[in-house]
Amino acid sequence: MNRIDKLFQSKKERVLSIYFTAGFPKLEDTLTIMQAIESAGADIIEVGVPYSDPIADGPTIQDSNQIALDNGMSLKKLFEQLQEMRQSVSLPVVLMGYLNPIIQYGMEAFCKKCQEVGVDGLILPDLPMQQYLDEFKEVFDKYDLCNTFLISPQTSEKRILEIDTHSNGFIYMVSAHSITGARTGISEEQIAYFQRVESMNLKNPRLIGFGISDSETFTTASKYGNGAIIGSAFIKKIKDSQDLKSDIETYIQSVIH
Amino acid sequence: MIKIDEKGFYGKFGGAYIPEMLHPNIEELRENYEQIMATPEFQKEFRSLLKDFVGRPTPLYFASRLSEKYGAKIYLKREDLCHTGAHKVNNTVGQIIMAKKLGKKRIIAETGAGQHGVATATVCALMGMDCTIYMGAVDIQRQRPNVERMKILGAKVVPATSGSQTLKDATNEAMRQWINNPVDTHYIIGSVVGPHPYPEMVARFQSVISEEIKWQLKEKEGTEYPDLVIACVGGGSNAAGAFYHYYNVPQVRLVAVEAAGLGVTSGKSAATTVLGTSGILHGSKTLLMQTEDGQVVEPHSISAGLDYPGIGPVHAHLFDIGRAEFVAVEDEDAMKAGIELSRTEGIIPAIETAHAIHALNLIEYSKDDVIVINLSGRGDKDLDTYIKWGGY
């Protein structure tokens, strides 16, 4: 069974997923960061594949993407780094990336490689659902990769149900009308949206992302979903870190407890 | 047949590759734009503004001295005489009416040379709508007068400071801001790029150019069909407008002129069909300049309006099936062509447009051929660049 499905079978509350950009802050930090996220007690590792034009991301993640690219990160390089990943990392691993670099790599080759190194799921924010169904679903299934779609406060109930039907692993609930890193805190309006989706009884677990940065926001998000995703806030923590392992552990511990 | 299919593709190119957060906006537009455009009410308002506000029809001018020099019958479609100085306003007039019909309160737009930004700020002032323009920080420096024009018109100009700080980055930033304000905001894309239905919608608003060329040429030459239509291509909106009613008339040769920058092999170029491969940029599948790893390459052109690493999906399709001829013109040749047109016809063209003029040296034609060059914009905004270049 896919590690993501296995995780949600045993843990349905306060699931914490941590996003970081591969190749940031240093090219070779990838495995160190993944190991630290695991030992700190998070539940899912989301590895960002850097892209020159990340249109759903705010300044923090844009910068980390650019620095990672300047450091020489590429999909090819990332797969080299992840080759030995499963010797030291047992958490579910999700790759998050924009479509163009993946298409240039070749979707089938990409999915095959993901399975080979032990990646469990994909989040491709600019892959439209219809395109996924028409062109890529078969290949995702063939290599046992969960596919996570995003929903936002504007997504209609009809569309949420469609997305739920065609997602597996979990659904990524964007907490507000927003790119990443643009919000802090959670408003009443957002809570109304979380509750609306909660009452739909979707088959997939829901992780809430965008605007989650600390213990308080994590706890609030976890009340209305199965857990949350932290991205920009984590990137800020590791940006100038002199001791990745210790800084990551301190930060994640502070969020969980 | 050049025709968009129901999924928004021209052949292999097009579609809507957008984050889910934008899905409701794009869907709202896709479901409504054709129907809204087809209503007599919309057409009446659109046509009336094109006539009285933009100043259409623009003349189709027989350029006698240029014709003599090149040995062909050369007509210039005078989009430079449009209000605000370029063809861009045809599209912004259409989209602002569309935005109103969709009940939107705010407008955002990207701009490269500033022409689209000015055209957007202009129609926002006309309609009393709040307007924010995203513009690359580098472009803000090289197109200062247009920045000030936008501000005079009441728009807010926000610099895009990521990447190459030009048109591509301004477009990224506008898309991000649309994600942040999806409900009350309409994004007026300025070229035939972006997710479906933008490329087709913008082309339809610009198609007034070839609609007029047809009847104007009929009056002057007794035929609606020239032998060649030449237009410059950045994203490709003026070319799409000039080609639109000729797409499916094979006897009319279509010539698309890209910016070669310092030379197509120099590493400083924007000649997408020469250097580009298929990929996804700004929400559509098209030809774009990219590395082997799929990272978008920073383009270069002396003209901000052509300084874009992709082309609209319809142009990628025209290239793919060989319907249009693509040529690339270097910075230096474009500047010289700008001076040449100034001195033979008394028209200082935009540097974008000057690329199309130089194409006369790169393609074959015979002396009886009727050639229409789309004179997409005037050169006022480029005076600084002309002065810095100094070769006159």
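How many residues of chain B are in contact with how many residues of chain A? The two chains meet through 26 residues of chain B and 31 residues of chain A, where contact requires C-beta atoms, placed from the backbone, to lie within 7 Å. This is a predicted model, in which local features need pLDDT of at least 70 and side-chain atom pairs count only at pLDDT 80 or more, while totals for chains, interfaces and linings use all residues. Residues are numbered from 1 along each chain as its sequence is written, and chains are lettered from A and ligands numbered from 1 in the order in which they are written.

On the side of chain B that touches chain A, α8 (167–180) and β11 (277–281) of chain B each supply at least two residues; helices (H or I, at least four residues) and strands (E, at least two) are DSSP runs, numbered from the N terminus. The greatest share comes from α8(B), with 6 residues. By type, this side of chain B divides into 12 nonpolar, 10 polar and 4 charged residues (Ala, Val, Leu, Ile, Met, Phe, Trp, Tyr, Cys and Pro count as nonpolar, Asp, Glu, Lys and Arg as charged, and the others, Gly among them, as polar).

Within chain B, strand β4 (residues 73–77) is largely enclosed by the rest of the structure, because 5 of its 5 residues are buried (20 or more other C-beta atoms within 10 Å of the residue's own, all placed from the backbone). Lys73(B), Tyr75(B) and Lys77(B) cover one side of β4(B), and Ile74(B) and Leu76(B) the other. Strand β3 (residues 60–62) of chain B runs antiparallel to β4(B) and is joined to it by 3 bridges; pairing requires at least two bridges found by DSSP. Here Tyr61(B) has Leu76(B) as its bridge partner. Strand β14 (residues 370–374) of chain B is parallel to β4(B), with 5 bridges, and Ile371(B) stands opposite Ile74(B).

In chain A, 9 strands form an open sheet with parallel pairing, in the order β5-β4-β3-β2-β1-β9-β8-β7-β6. Its edges are β5 (146–148) and β6 (150–151), each with a single partner strand, so one side of each lacks a neighbour in the sheet. Strands β1 (residues 15–21) and β9 (residues 227–230) of chain A pair in the parallel sense over 4 bridges, one of which links Leu16(A) with Ala228(A).

Helix α11(A) lies across β1 and β9 of chain A, at about 55° to β1(A); axes are lines fitted to C-alpha atoms, for helices over the stretch in contact, and angles run from 0 to 180 degrees between N-to-C directions.

Methods. Buried ≥ 20, exposed ≤ 12 C-beta atoms within 10 Å, placed from the backbone.
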